[in-house]
Structure formats: C-alpha cells, structure tokens
Amino acid sequence: MGAEPLRVTPTLSHRRLPVLFALTFALGGPAATGPAPLAGQEPPDTLGADTLTVADSALVADSAAAVTDSLGLQELPDSLSADTIFYNLPIPSQDVPASFATGIWDWDRHDVMASGAHTLAELFEEIPGLIPLLGGDYGTPLAMAAFGRGAGGYRVIRDGFELYPVDGSVPNLQQISLAGIQRVRLDRSMGQAVVELWSYRHDDGRPFSLIEAGTGDLDTNLFRGVYTDPTALMGSVAVGLERVDTRGPAPSEGGNRTGAWARYQYHFGPSAGIAVDYRSGSSQTQVEQYAPEVSRKDLMLQVSWRPVEGVVLQAMTGRSTLDRQPLVGEDDTRVGGSRRQHALRVGLRGSIFWADGSFRSFEGGLPTRRFDAAGGISHGRWGGASGRVSTGTWLGARATHLSARTWVSPLPWVTLFGQYVTGDFGARSGPLTDGPPPPPLVGGGLPGTPVLTEREGLRVGGMLSGWGFTMGGATLYSYSDRVAPLGLELDQGVPEVPGVHRRGYEGIGVIPLPLGGFTVEGSYQWWDEEGPYLPPRIYRGSLEFHRVFLESGNLEVWGSLGVRGHDPMLTFAPERPGTGEGPEVGGTVARVPFFQSWYAHAQVRVVTVRLWIGMENMTFRRNLQTYPERILPFARTFFALRWDMWN
C-alpha cells in the first residue's frame, strides 16, 4: 500500500545527448552502446538501462539531481518527458499470506495465464475441497461450492466493488470475465468463501497489449484481448474483450459467453485518482432448461486517496443490472432489474499490522446495508493472526458472523494453524426484477426474500515445508442449521434441507522428484456425513513440471498430468416441467454419479509468447455431471496462443 511505482523514460533531444554519452561511458564504456532488444518483446521487469524506476514524481527530480552532481554536469531542465510518468490508484491491501495454512490462494496475471483458465471456476479447480457446479458447457449457469455451503456460499468483490448476486444468492461465474484481471485472491473460509479480483495495474510506462486466441474440439473457439495505455487522454485507459463459444456436447446444446471491459482513470499524482469502470458479461445457450440469453452489467465510479503513507480511503458508487430472456414456452416477459451500491472503505497498513473496514448500502436490494471490518498482524518469520466481523441488514433481520485465524511457525519448516467461524449468514433468493411481483417459488417464499443461515466451522492443523517438500493436514468441523439452494437457474425454487454436524479432515502434499522440475502434488478431503454439494471424498492429484531455461529466462515450460474427482454427490435438482414422455418433476435433492476427470496441460513460453495445449476428460467418461441429466462434454482438447506485447 506504499507509493505506487512509476517508470520514467528519458527522451533524446540534442540537449541531452552529452549527458547520455557521459552516462554510457560511466556505466560501462563503449560496450554499453550495443544493439538494444526489441522493446515490444520486453516484459516489464526486464527494463533497459535507459529506464529509471522511481516512487513518485518528487523522486524523479532527486534522482536527476544526484546523477548530475556525481558527474559534475549542470542540471538540465525538462530532462524527462511528462507523458512517460504514470500512476495507479491507491488500493487497500491485506497482509495474510496465501498458503494452505491460512486457507487463502493467490494468483497474479502470470499464474492465471499459466493455468489456461477461461472462467473463475476453472481457475479454482485445484483448490482442495472446492467443487465447480456446472449446468453444462459454456453458456450455462456456473457456480462453485466449498464445505457444502449453498445459498450465500461465496461473495465476489472486484476492485473494491461487490458483485451483487443479480440472479440468485451467489454471482453466476459464467458472467464474470477474466479479461483485464491482473490478480485473483480466494479466501476459502469455513463459513463463506470470498473472492477478490483486481483489474490491470500499470507496472510499465509503455502501452500494454495481450492477445489470446485458441480453438478446440466441439467447434470451440476462444479469444481474449486487452489493451492498456497508462498515459492516454490525460489519465490512463484500458479495454478488454473475451469470448468463448462452442456447439456443446450435443448438437442442440451450443452456447457462448462474452465479457467486455472499459476503464478510464484520472490521476491527481501518485496519491489520488478517479476511476470509471464498466464491465459486462453475457451468456447464451440452446439448452432448453435455461434462459436462452442472460446478461449482467456493472458500472462503477470510484475515488481513491492516500492522505499519508499507510492509509487509503475509497468511496465508490455503482449499479448492477440483470437482463434475462424467458425460457422457451414461457410468456414473453423478460426478467431483470438493477440495484445501486454505495460504499466507503478505509485501509490501514503498518510494519506488521493491517486493518480494513467497509460500509456498503444497496438501494432496493438485499442486504440493505452491510458492514465489514478486518484486521490482524503478520510477521514473515513467526506467523500472525487475523479476525473479521461482518454484519448485514436483511428486511429488518440482522445477520452477524465472526471469524478468526492464526498461523505460527515455531520452527522455520513447521507451521501450526487454526480457524474458527461462527454466526449468521444472509443471502437472497431468485433473480432481480423491477416489474410486477414474481410468483412464489416452488419451495415456498418469493424471489428476493432473505435466507438466513446459522453456521459454525473449525479448522485446526499443521504443515511441514522445506527443501521443496510440503505436507499439510487439518481436522475439520462444519455445522449449518440448514442448507438452501444457490437460487440460480441451476437449482432455483428447490426447498431447503436441514443441516447437520459434520467432521472431516483434509491434507495436501507436494513432493519433488529427483528429475529437475518434476513434482507430485495432491490433495484429499474426507467427511463423515454427506450433504448437498458435499460428497464424502474429494481428491486431486497430478504430476507437475515447471522449469525456466536459458540465462535470460526467456524459455519457460509447464506440464501437468492429473486427475480430479469426488464420490457420488447430493445436489439440488430444479423443477422440470412435464413432457409428453414423462411427468412433471418438482424440486428435490437428487444424487449425481461418481465424478472423475483425467487431464493433461502443457505450455511453452518464449520471451512473451506462450503456446498452450490442454485436454480434459482424457479417459472419455460419458457420464460426467454435477446436476442431474446435465451431461458435460466427454472430452475436449484446447490449443491456444497467448502473446504479451509492450509498445
């Protein structure tokens, strides 16, 4: 949360040539004047000698003065081009490290690209105990579950703006684009998972572009493009576009998903700025059980200010909108509406402590208000502790929950940890609508009414790590007084079921092999009592390879051969209208069969060009499903080319 980095590139006017030659000979003589590499191929962290890294505009003048003094030269005015100075908006930051011990996972932009993920659910597939809930192929509803949480099982926050659940109790992950996303952080809490996304932040003074294009089986095509300019229109601009389309596992199940992003930022130096951010995500499908087209739009205005070092203040306002076409055979009435959000946030950061607080108001939505506060201490060697309290107002009712975690390292290779969560969690049901009151849901109640759930969770364990090895395990306890469906089209209108006390354990392992770059990795989670979205056993395992070649680091290779699976799972089955071949089926809890998918991925990076190939369900299992009768593709192979470009 310190001063945002700037990079300033000198311009070569005739007045500055004597200084340039003096610097050249002082730093290495004639050898330093050899041919320069192509700027369009340079990653941001491999800057040439003609680029200076500074903390703010004041340091630019200090650095220039120091250089001229050391060379005995007269200081030259206007020695730096103003249009090469760039800024980022200050943002609050938390200091809980990402690890199995803390239950937090973190991906930067290069990690996301290395994963080959097209959706958040695909990125999270390797997280222990987390299950993607797939309504079918691309274009159908998509969600996720951890620890068997149903309604309100996770929240998504992007650039400080909470993505309001417009289509149920949780955001539909099919409508959340990864275009322009630079960092993803998942807090897999025992009570409610929290996903935080950060859009692209400039780390170089040059314009940046990303092009990703690929194709695959089932007539699948994908594209992702991003362009950012840190010094455009008196501020900075960024745009992105993402699209995946397929014909699906059956000829009548084609679908696609599209995401778009546009952002403009105006900066008042390195410590303050204003941002206008627009994102949209839409999906189309030919599957009769789901709406033919669903779209979500989010528009946000944000002001960010760092008055002193270690303090960041943010204010934002925005609107989230849903537009959903009716199902085939329904009356020609679109479902949709919009909700406004206003928020204030403050972040504090010290040498070993941090604190973060936010207040959000939702006009016409549920909850009407939400307050979150978190804080903790963190020491890189000895460990740390953190706590969080969250309270929301749901039509007069209040839902408050608390959580605390700690991790300590009595020895450098030993980490002991624990987490406890207790309280009430709120969620809404059904899609947004600004029209007439919607009809009651099959399971009772009206869309938009609150669902309050009492939950408790405990996780205690230890981890050993060193010399490339990591072994960790934890005992688990989970309780919920009831489990309600997600409220998406996947399970909308299904009655809730009573909750139970569950006990289990989980473990992970990373074992390096004698062959350089190879590791065996895996995770396992077991429960004594199954429930909706919580099978008795969930497992992952893979043989991994990762190695960087050449002294320049310009050749990097990844490889993965693995399996993901879980036991037969209970899931909420949505209502299915009667047909000529069968009776009407009401919402209920049904069991889907054993799930297992073998996969292989490989990627090669040459400088900034990446070639990626991957295959899912290599054993051609034809009964993969997480919802009854929603069969997933029995196999698919992807080929993709990714290219980072500067200038």
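How many bridges join strand S8 to strand S9, and which way do the two run? I looked this pair up first: S8 (residues 181-187) and S9 (residues 193-199) run antiparallel, joined by six bridges. Asp187 sits opposite Val194 in S9.

Notes on the model: it is predicted, so I kept to its cut-offs, with pLDDT of at least 70 for local features, pLDDT 80 or more for side-chain atom pairs, and all residues for totals of chains, interfaces and linings. Residues count from 1 along each chain as its sequence is written, and side-chain values use heavy atoms, with hydrogens and water left out.

Terms: a strand is a DSSP run of E, at least two residues, numbered from the N terminus. Two strands pair if DSSP finds at least two bridges between them.

Next I checked the sheet around S8 and S9. I found five strands in an open sheet, ordered S3-S8-S9-S6-S7, with mixed pairing. Its edges are S3 (104-108) and S7 (161-162), each pairing on one side only.

Then S35 (residues 636-646). I see it antiparallel to S10 (residues 208-216) over nine bridges, with Thr215 opposite Phe639. S35 also pairs with S34 (residues 609-616), again antiparallel, over eight bridges; there Arg610 faces Arg642.

S19 (residues 369-379) and S20 (residues 383-394) run antiparallel with 11 bridges, and a hairpin of three residues connects them. Ala374 has Arg388 in S20 as its bridge partner. S20 goes on to pair with S21 (residues 397-411), antiparallel over 12 bridges, and Gly384 stands opposite Trp407. The S20-S21 hairpin has two residues between the strands, and I noted Leu395 there with a positive phi near 50 degrees.

Terms used: Helix = DSSP H or I, 4+ residues; strand = E, 2+ residues; numbered from the N terminus.
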